[in-house]
Amino acid sequence: MKKYLLPLSFAVTGLIAAGNAMATPYIINTALSGIAANFDGVITAAGSTVSTTQVVLGQSVYGYTDKDGNAATVTVSRPNGGTFAADDSYPGMSGASWGISPTTFYDLTGQIDGFGSGLTFTFSSAVNAFGFEVGDWATCCTYNTRDASTVATYGVPVTGSGLWIAFDGGAATLPANALSDNDNPGYVATGQYVNFIGAIDSSSYFSSVTFFGDGYGEYLVAGGTLRFASVALDSVDDDGAVNVPEPASIALLGLGLVGFVASRRRKTA
């Protein structure tokens, strides 16, 4: 197998394994200009197609095409079942967004601070690649202090404004942690506080994704354009390398199939 590593425009920080026996997914944190190479490009190289839908103000159910080519839907809700605020627009984002300013007000007992103020995306048909835009991250509050239990349990930095993600209700990961606005790849690239968070997990499929932030006092939004895909199992490594069969391997496989068919014909003759 040959591996192709596509460029990652910004370093992913603080990544730890997701729960529910899933392998560590490939997490993307990039400026919007990096989506083509770091998310869409990986999926295309893996032989699949990206399905997109733009977020619309006041809408919580969106359509996409699943791995079998069938129409499916994703429903957006609060992790604790509460209501969320819709935001008409945020400068630089490609569509409307949901306000998810980190707060402890909605938090549930035993959850990471900020969990309840996030979003949960529930898919009617499982996918293994998903991404969306984030606005206003790392504009302030980058030196908030996390509680000792969160730091010890998840192995994350003591300070920072973090973006968290969890799959199928499993353990959350911290794909992005900002100590200054220069930790936002969108700000570095364009001067706008808009970045893209995506995940590809070719070890399996997931039916829900929960996303939240823990930078208290920060006005945080998510939405823009949602991106979905399903790549072949074991086709993308956790560093974004795409596993593509060598041409010689494909040729040998073809010869093997031809030989198998010929053998079957001789036996039935």
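Predicted model: local features only at pLDDT ≥ 70, side-chain atom pairs only at ≥ 80, totals over all residues.

**The overall picture**

- The chain has 4 helices and 15 strands.
- It runs to 269 residues, and buried residues make up 48% of them.
- Take the contacts between residues at least 6 apart in sequence: 73% of these join residues at least 24 apart.

**The open sheet**

- Six strands line up as an open sheet, in the order E4-E5-E8-E13-E10-E11, with antiparallel pairing.
- At the edges sit strand E4 (61–65) and strand E11 (173–178), each pairing on one side only.
- From one strand to the next, the twist averages 20°.

**Strand E8 and its partners**

- How many of the 9 residues of strand E8 are buried? The count is 7, so E8 (residues 119–127) is largely enclosed by the rest of the structure.
- One partner of E8 is strand E5 (residues 71–77), paired in the antiparallel sense over 4 bridges.
- Across that pairing, Val 74 stands opposite Phe 123 in E8, and Ser 77 stands opposite Thr 120.
- Strand E13 (residues 206–213) also pairs with E8 in the antiparallel sense, this time over 5 bridges.
- Here Leu 119 stands opposite Phe 211 in E13.

**The nonpolar cores**

- The largest nonpolar core holds 33 residues, and the members touching the most others are Phe 121, Phe 123, Phe 130, Phe 132 and Leu 226.
- Which strand gives the most to this core? That would be E8, with 4 residues.
- There is also a second, separate core of 14 residues, which includes Ile 35, Ile 43, Ala 129 and Ile 200.
- In general terms, nonpolar side chains in soluble globular proteins tend to be buried together.

**Aromatic rings**

- You'll find 18 aromatic pairs in the structure.
- One of them is Phe 121 with Phe 132, a stacked pair at 5.4 Å centre to centre, with 25° between the planes.
- Phe 121 belongs to strand E8 and Phe 132 to strand E9, so this pair ties together parts that are 11 residues apart in sequence.
- Phe 130 counts as buried because its relative accessibility is 3%, and Phe 132 is buried with a relative accessible area of 1%.
- Beyond its neighbours within four places in sequence, Phe 132 is in contact with residues including Phe 121, Phe 196, Phe 211 and Leu 226.
- Ring pairs link a cluster of residues, among them Tyr 62, Tyr 64, Trp 98, Phe 123, Phe 167, Phe 206 and Phe 228.
- For a charge over a ring, look at Lys 67, which lies over the face of Tyr 205 at 5.4 Å from the ring centre.

**Helix H1**

- Which residues of helix H1 (residues 35–45) are buried? They are Ile 35, Asn 38, Phe 39, Asp 40, Gly 41, Val 42 and Ile 43.
- These buried residues pack against five strands: E2 (26–30), E9 (129–135), E12 (194–200), E14 (221–229) and E15 (241–244).

**Arg 146 in its loop**

- Arg 146 is in the loop between E9 and helix H2 (148–154).
- With a relative accessible area of 8%, Arg 146 is buried, because the cut-off for buried is under 20%.
- Leaving aside its neighbours within four places in sequence, Arg 146 is in contact with residues including Val 151, Pro 157, Trp 164, Leu 174, Asn 177 and Asp 214.
- Arg 146 and Gly 215 are 69 residues apart in sequence, and in space they are 9.5 Å apart, C-alpha to C-alpha.

Notes:
Residues numbered from 1 in each chain as written. Heavy atoms only, no water. Buried < 20%, exposed > 50% of the residue type's maximum accessible area, 1.4 Å probe, protein only. Helix = DSSP H or I, 4+ residues; strand = E, 2+ residues; numbered from the N terminus. Pairing = 2+ DSSP bridges. Contact = heavy atoms within 4.5 Å. Axes fitted to C-alpha atoms, helices over the stretch in contact; angles between N-to-C directions. Core = buried A, V, L, I, M, F, W, Y, C linked by side-chain atoms within 4.5 Å. Phe/Tyr/Trp six-rings, centres within 6.5 Å; stacked < 30°, edge-to-face > 60°. Lys NZ or Arg CZ within 6 Å of the ring centre and 35° of its normal.
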